[in-house]
Amino acid sequence: MWKLRAAPATGTITFTVPISATLGATRMRVREVYSYSDIDPCFTYAYGETEDYNVNILPVQYCTPTYISGSTEGDFISLVQLGSINNATGASPNPYYTYYSSMSTDLSPGSAYNITLSPGTYSTGNNISVWIDYNQNGVFETYEKLGNINIPPAPATGTITFTVPANAPPGITRMRVREVYFYSDFDPCSSQYYGETEDYNINVLPIQYCNPTYITGTSDGDYISLVQLGSINNPSGATPYPYYTYYNTMSTNLDAGSTYTVTLSPGTYTSGNNISVWIDYNYDGQFDVTEKLGNINIPPTPATGTITFTVPMGAFPGTTRMRVREVYFYDNFEPCSEQYYGETEDYNVIINNPNKVVSLTAFLEGLYSGSGTMNQANNELGPQFGPGIADQITVELHNAGNYSLIEHSANNVNLGTNGKANVPVPVSFPDSYYITIKHRNSIETTTAFPLSLAGGLITYDFDGPSKAFGGNLLMMTDGEYVIYGGDANQDGAIDGGDVTPFDNDQFNYVSGYVNTDINGDGIIDSGDGTIIDNNQFYYIGAALP
């Protein structure tokens with residue numbers, strides 16, 4: 001909407017065509033209405049005029065890479081395998097580029113995949129790089145590059161392992177596979193001498209959320225009658241079985257670091273109207289304990305209640321899901337569990353985050369409890385931090401060429417019991433950095449190689465020796481890898497310098513949230529000493545670039 005003075009005055013409205021817009025011809029409506037600013041496209045007004053126009057929504061246009069000699073000397077792509085794509089080919093003629101528009105595969109956000117590749121017949125210099133246009137903007141950006149691999153001539157194969165970003169928007173997009181002789185760092189669109197390029201379709205699947213269930217549901221008046229948050233304003237009545245509605249056309253924008261209030265109202269039942277709210281900030285398809293905004297008990301409608309919350313600075317940017325759930329009587333219920341009475345509503349929220357987000361997965365030996373989970377670190381009275389938080393860590397960005405130079409540091413970062421830590425990083429750090437995790441009584445541990453922060457969301461899992469510099473991780477009995485514990489004095493080595501403060505604190509019956517409590521149970525005892533002794537015996541220390 002634009003309010004203008006009389007002609008010849010002009011005004012402009014800037015807009016972006018949604019990536020989900022349906023291709024083909026559609027209608028644009030331009031409407032002038034006197035006095036009103038919130039104009040309905042169809043309502044009858046006293047004064048004004050309306051004009052309609054046709055617009056044609058075009059498919060995203062991708063660059064066509066070029067070659068001078070192309071595949072003439074045996075530089076081509078002979079195999080691409082990814083999911084349901086299995087394409088064995090020979091050398092293509094000029095322009096040495098093929099878009100296999102009928103070939104596609106499904107990929108799920110947050111999941112890891114292997115793409116298998118094989119080059120042509122030339123004896124050396126067979127470099128193949130792969131990109132996926134995750135944000136569907138028609139450009140293969142630096143952070144969308146899956147990797148490059150140099151492979152001996154066919155039938156030899158090589159693989160690139162990659163993880164689809166958790167916030168990748170759903171829909172059809174493009175994957176580019178490009179072979180270039182000799183060079184390993186080339187552009188997806190540039191002109192090259194020798195090689196070949198192939199494009200394929202990729203279907204990024206929507207994130208799947210659980211459907212909560214009820215036995216009796218809304219039949220006795222237990223439902224949600226109002227949800228208000230930003231541009232979401234949804235008064236509603238009781239829904240029939242299955243007592244769950246996803247309002248996928250309703251959404252609101254939320255800014256990371258900002259505080260908001262959601263206003264709620266229950267149904268008509270006289271008591272026990274508990275409503276809880278969650279937002280899936282990390283796009284993993286689950287409403288984690290740390291993503292719960294709160295619970296409130298409200299008298300029957302028209303009474304209202306509010307929950308105030310702050311969007312974490314580490315929230316992933318993009319469109320995610322908010323769940324609002326009403327359950328009779330109980331005030332501590334799961335977002336997915338079966339209940340007797342109540343109703344659930346889901347909405348979209350769009351997270352705006354000016355920062356990059358580095359999403360790390362790492363487990364600590366002292367707190368590890370098995371099956372990919374950690375215990376919470378305790379003080380004298382119980383957990384030191386809130387539900388779902390194991391402990392806090394420091395995350396540092398180190399210069400790729402000079403590790404001793406710390407470019408950025410984030411302190412007091414929450415590490416979840418699921419091993420997840422989401423770290424906001426200012427956009428002023430666009431290069432590649434070693435990412436280092438420090439913890440109050442664990443060994444300083446660093447990524448195996450500098451990690452590019454070119455994108456908005458960067459994920460990295462310390463899930464094996466190949467992911468930590470020097471292979472410096474410990475494998476537990478269940479096969480999970482963890483960061484070594486026991487460095488109580490934080491000098492980078494587990495040795496007598498850690499044993500002495502431990503012995504002193506154990507002798508003096510010290511308890512609480514202290515560095516010598518390696519296993520986080522709030523008590524300094526033999527459970528902590530065992531970890532220190534074992535790692536001291538094997539001369540465990542930090543391995544740094």
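The legends below describe close-up views of a predicted model. Residues are numbered from 1 along each chain as its sequence is written, and side-chain values use heavy atoms, with hydrogens and water left out. In this predicted model, local features need pLDDT of at least 70 and side-chain atom pairs count only at pLDDT 80 or more, while totals for chains, interfaces and linings use all residues.

**View 1. A salt bridge joins Asp 52 to Arg 27.** A salt bridge is a side-chain nitrogen of Lys or Arg within 4 Å of a carboxyl oxygen of Asp or Glu, and by this rule the count comes to ten. In this view, the closest N and O atoms of Asp 52 and Arg 27 are 2.9 Å apart. Asp 52 belongs to strand 2 (residues 48-57) and Arg 27 to strand 1 (residues 24-33), so the pair ties together parts that are 25 residues apart in sequence. Helices (H or I, at least four residues) and strands (E, at least two) are DSSP runs, numbered from the N terminus. Relative accessible area describes exposure: buried means under 20%, exposed over 50%, and partly exposed in between (1.4 Å probe, protein chains only). On this scale Asp 52 is partly exposed at 29%, whereas Arg 27 is exposed at 55%. Arg 29 also takes part, as Arg 27, Arg 29 and Asp 52 are linked in a network of salt bridges.

**View 2. Asp 199 and Arg 174 form a salt bridge.** The closest N and O atoms of this pair are 3.0 Å apart. Asp 199 lies in strand 12 (residues 191-204) and Arg 174 in strand 11 (residues 171-181), and the pair links these distant parts of the chain, 25 residues apart. Asp 199 is buried, with a relative accessible area of 0%; Arg 174 is buried as well, at 10%. Arg 174 also lies over the face of Tyr 99, at 3.7 Å from the ring centre. A charge sits over a ring if NZ of Lys or CZ of Arg is within 6 Å of the ring centre and within 35 degrees of the ring normal. Another such arrangement places the charged end of Lys 145 over the ring of Phe 186, 5.9 Å from its centre.

**View 3. Strand 12 pairs with strand 3, strand 6 and strand 11.** Two strands pair if DSSP finds at least two bridges between them. Strand 3 (residues 66-70) runs parallel to strand 12 and is joined to it by three bridges; here Gly 70 stands opposite Tyr 194. Strand 6 (residues 97-107) pairs with strand 12 in the parallel sense over eight bridges, and Thr 98 has Glu 198 as its bridge partner. Strand 11 pairs with strand 12 in the antiparallel sense over ten bridges, with Arg 178 opposite Thr 197. Ten of the 14 residues of strand 12 are buried, so this strand is largely enclosed by the rest of the structure.

**View 4. Tyr 403 and Tyr 434 form an aromatic pair.** Rings of Phe, Tyr and Trp (its six-membered ring) pair if their centres lie within 6.5 Å; planes under 30 degrees apart count as stacked, over 60 as edge-to-face and the rest as tilted. By this rule the count comes to 33 aromatic pairs. The pair shown is edge-to-face, with 5.9 Å from centre to centre and 75° between the planes. Tyr 403 lies in the loop between strand 26 (389-399) and strand 27, and Tyr 434 in strand 29 (residues 432-438), 31 residues apart. Tyr 403 is buried at 10% relative accessibility, and Tyr 434 is buried at 11%.

**View 5. A disulfide joins Cys 63 to Cys 189.** A disulfide is a pair of cysteine sulfur atoms within 2.5 Å, and a search of the whole structure finds two. The sulfur atoms of Cys 63 and Cys 189 are 1.8 Å apart. The torsion about their S-S bond is about -70°, so the disulfide is left-handed. Cys 63 lies in the loop between strand 2 and strand 3, and Cys 189 in the loop between strand 11 and strand 12, 126 residues apart. Cys 63 is partly exposed at 25%, and Cys 189 is partly exposed at 29%.
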